[in-house]
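Welcome, and please have the viewer ready. This short report walks through a few local features, one heading at a time.

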Amino acid sequence: MSAKQIDTLLDLWAMTLIKHNDAPPFANHRDMFATINATPLGNTPWKSFTLCYNGAKPKQDVPLWMDGQYDVWYRDPLQMMRSILANCAFDGGIEYSPYHDYTTEDKQYWKNFMSGDWAWKLADDIAQNEENHGSTLVPLIIGSDKTVVSVTTGQTEYHSLYLSIGNIHNSEHNDDIKYRNFQQQLFQRSLAKIFESVKPFMENFDVTCFPDGHYRRMVYGLGPYIADYPEQILLSGIVQNWCPHYLGHRKDLDSFQPCLHQHEAHTELLIKQLTYKQAWDEYGIIADLVPFTNDFPQVDIHKLLSPDILHQIIKGTFKDHLVDWVGEYLLITHGTHHAAEIMDDKGHIPQDVVCTFSAFLEFCYTVRHEALTEDDLIKLQDALDHFYQYQEIFKTTGVVSTFSLPRQHSLCHYILLIRLFSAPNGLCSSITKSKHIKAVKKPWRQSSRFDALGQMLLTNQSLNKLAAAHIDFEARGMLHGSCHPGHLHIHKPQNHSVEVDAGEIIDGLAVESHVGLALTPCCVQNVHALSLELDLPRLPFMIQEFIHDQHYSEDPNPPEFDPATAQVFLGNLTIFNSAAASFHAPSDLSGMGGMRRKHIRATPSWYVGEPRHDCIFINMGVDFDSPMNGLAVARVLCLFSFDYLISYYPCAIVHWHSYVRKERDPNTGMYVVTPTTTGDNVPDISIIHVDCIFRAAHLIPVYGPDFIPKISPHNSYDMFHSYYINRYADHHTFEIV
């Protein structure tokens, strides 16, 4: 919000308080900013230092960058760590020592960072100094990435550095070699300077306050470092297209032969023994680039680089490799004209290509689990082996000549890195990408664009103070209740749909699943009118049978339903166009309790257009014969509720789907279902209680080898005989299907 808008808002507020002979807490935006800046909470000040080029310069035409001075702004990591550890909001959600977790089958289990082997080993190394006994290990998780804040007015880039701790639960000079090397060394020296204050406490303990209010001794450790591939090679001093973990040659990254891993001591020995060119050409080492970690004890940058799901797997292997390869395959095989037609259709690529994608998606979705067990690591290796096997079709058809690609090669390191750093879902560059919006992009937009850095730093400091004050006020009970009881009456609308303010991410206690109808009904109809609308002449009998089943739901030996003796329901039905399914999905982006929400639609007109009827998973119980742990699949035809005697029944009319086979499709790895009919070829339709619904499901038609007819989203569930259950719709679906 701009200063002018703040002043306008305060003026409007003041006008409402005149009759009470009162005034707002701030006179104007300057008064409000001064109050925020005076807040002592969250006051980790910004510091800066200046670096410049100190190498040899040409006698004439000295480049501007050689004479320039470069300011680096940062917050003292030591003060920031002390501030994080003193934050009472983390009380109960912090680990004080490394640990190994095991399942009931005695298999190791990786979830939070401190459950990994890296933290365990570092704690052992630190404990060799007896003075550190009883101290808490505090690993520093570092991430960096650059972001562009302006394109139309010129490429304005900021290189942001982010910091957290592992204890918490989860330009025109580009072709100038000298300038490039200077940029790289400038980055390394900046990092070394920034973390200088932490260095004394990496071998000897520090004393600070923890979230529970107690003071403890602690020892810091650098790592892991979250970065995409360009950042990783910059940090490790490795040449482009080489691996920062692995000593293999850049042209042989697709070799399955055992190979040694990169090590700081080995790199230093090679630099001493080889010429600059030999180190570059034979080992991919930039000999004059010194990693910042060389200045710190018990740190090797090659061992700190964490896996990067976003850039290595999703953007790198999937988008930049596999998707492009399919397009190239179609061009080579069918020519430009036919390739364009086939790209708009389905079912025209070889089985091995489908299997390549299936194996890759299996790896991708498994590695994104919130927690991983030894069995999951076996599944990862199996998926990776199949991926390597089936991707050979792209080489045999001439699409690619080699699979020696750094991002794709990085997949082979994931199992080891999971053992070291635990589940990679909490160590991904998507975290730093999301931070760019709050830390860089929004402050940039609020600045004057002229000398914006100082304004952006001040904005970040003010936001940090407000966040710290909010936590402190909450802990003191100052934010509970209203400041003016009895005077402020807030009107709350009584009839609003859950869809208005129900985003995908919700906060709340963790429950496996809960489904509720929309708060706003669509209309009220009698049974006869609804049966005509849905073309269901049996609807009255279906409601009778539903009431009978609900009445005897707790009876182990219920009487058989007899429509001749059952009471006829003559009341009205309240119709709804949607329901909201909330479920526990911690592997996806979710709220504080790991909860997420998806809507289920059953409406005769979607956005004033054609009808929409979603599919759902239905929990049938453990006794139900299903390959998906008791889950059935159906399509929702209508959502309604009614009152009968003293009971309220929220219901859904569904068309059942049955499994074509008990096993997954061998090519896609997905189950196949088909709409079910009765003996006389009538669709198998019944009424269920909404409590049986688990969540929404997404089905993909089994298109077959022929070109598909023109279809629209509203009739895609009506035009095919069978459908894949899309287990890749999101990570929660992958885990339950």
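Between which two helices does the loop holding Ile-18 lie? Ile-18 sits in the loop between helix H1 (3–17) and helix H2 (29–37). Helices (H or I, at least four residues) and strands (E, at least two) are DSSP runs, numbered from the N terminus.

Please keep in mind that this is a predicted model, where local features need pLDDT of at least 70, side-chain atom pairs count only at pLDDT 80 or more, and totals for chains, interfaces and linings use all residues. Residues are numbered from 1 along each chain as its sequence is written, and side-chain values use heavy atoms, with hydrogens and water left out.

With a relative accessible area of 61%, Ile-18 is exposed. Here buried means under 20% relative accessible area, exposed over 50%, and partly exposed in between (1.4 Å probe, protein chains only). Leu-12, Met-15 and Ile-18 make a nonpolar surface patch of about 350 Å². Patches are made of residues with over 30% relative accessible area and no salt bridge; like charges are joined within 9 Å, and nonpolar side chains (Val, Leu, Ile, Met, Phe, Trp, Tyr) within 5 Å.

## Helix H18

Helix H18 (residues 452–475) has 24 residues and reaches 35 Å from its first C-alpha to its last, close to the 34 Å expected. That expected span is 1.5 Å times one less than the number of residues. Among the buried residues of H18 are Met-456, Leu-457 and Ala-469, along with Lys-465 and Asp-472. After H18 comes Gly-477, with a positive phi near 80°.

## Strands and their partners

Two strands pair if DSSP finds at least two bridges between them. An open sheet of four strands runs in the order E10-E13-E14-E15 with antiparallel pairing; its edge strands, E10 (513–517) and E15 (612–613), each pair on one side only. Inside this order, E13 (residues 578–584) and E14 (residues 595–603) share seven bridges, and Phe-583 stands opposite Arg-596 in E14.

Strand E16 (residues 615–619) pairs with E21 in the antiparallel sense over four bridges, with Ile-616 opposite Ala-696. Five of the five residues of E21 (693–697) are buried.

## Salt bridges

A salt bridge is a side-chain nitrogen of Lys or Arg within 4 Å of a carboxyl oxygen of Asp or Glu, and the count comes to 18. In one of them, Asp-67 meets Lys-57 at 2.9 Å, N to O. Asp-67 lies in helix H3 (residues 64–67) and Lys-57 in the loop between strand E1 (46–52) and H3, so the pair ties together parts ten residues apart in sequence.

Note on methods: Areas by Shrake-Rupley, 256 points an atom, 1.4 Å probe, with all protein chains shown as cover.
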